[in-house]
Amino acid sequence: MPTYDLEHALRCEGYALICGVDEAGRGPLCGSVVAAACILPEGLEIPELNDSKKLTPKKRDKLFDLICEKAIAYGIAEGTVEEINELNILEADLLAMRRAIDGLHTPDGKPYKADFALIDGNIDRDFQIPARAVVKGDSLSMSIAAASILAKVTRDRMCEEMDRLYPQYGIAKHKGYGTKEHMSALREFGPSPIHRKKFIRFLDEGSI
């Protein structure tokens, strides 16, 4: 379960406003990648807060509202399909993370600044404030776990909207991942504007 140990250690180093940062949607074949940044009050207890992948959708929705209410500040941003196509998924992901940090705001909408970022994963380059990568950070840091909830719920809601626009692919069910159902629909209907070009090369190659 995540704790505040990493945040506490950074406060001992002199940092005060520490945001956790995580993303959702790197692997799917369609849609934006979503990142979130979140600063929690020191020691805030949020029962059942954990890595978003370990929670049910209903629990994530409940925690999403609670985090948005209790956080000192949070920001949610995306790297678009166009940016994924033009750059690559990693660069679009990092871009979304930087935007989330830059877009931090209080629950009532006032801009807010962090002075350190804990980044889920193993890459912490080119951030606008000091940053540290934390592998499996969403299961170690409360701030990163909170960010993972914000990113995952936002991405899932975007999938619901994509499903309404393009119901033939079943995106609400598989959330854009390369399931057998999704690949079959892509072969039948072809790709849509929301599909990531580099992720659907199998259509041109005639593979799987």
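The sulfur of cysteine 30 lies 6.2 Å from the closest cysteine sulfur, that of cysteine 159, which is too far for a bond. A disulfide here is a pair of cysteine sulfur atoms within 2.5 Å. By this rule the count of disulfides is zero.

The model is predicted: local features need pLDDT of at least 70, side-chain atom pairs count only at pLDDT 80 or more, and totals for chains, interfaces and linings use all residues. Residues are numbered from 1 along each chain as its sequence is written, and side-chain values use heavy atoms, with hydrogens and water left out.

Five strands form an open sheet with mixed pairing, in the order E3-E2-E1-E4-E5. Strand E3 (73-79) and strand E5 (131-134) each have a single partner strand, so one side of each has no neighbour in the sheet. Strands (E, at least two residues) and helices (H or I, at least four) are DSSP runs, numbered from the N terminus. Two strands pair if DSSP finds at least two bridges between them. Strand E2 (residues 33-39) runs antiparallel to E3, joined by seven bridges. Cysteine 38 has tyrosine 74 in E3 as its bridge partner.

Helix H1 (residues 5-12) packs on the sheet and touches strand E1 (18-24), strand E4 (116-120) and E5. Contact means heavy atoms within 4.5 Å.

Methods
Axes fitted to C-alpha atoms, helices over the stretch in contact; angles between N-to-C directions.
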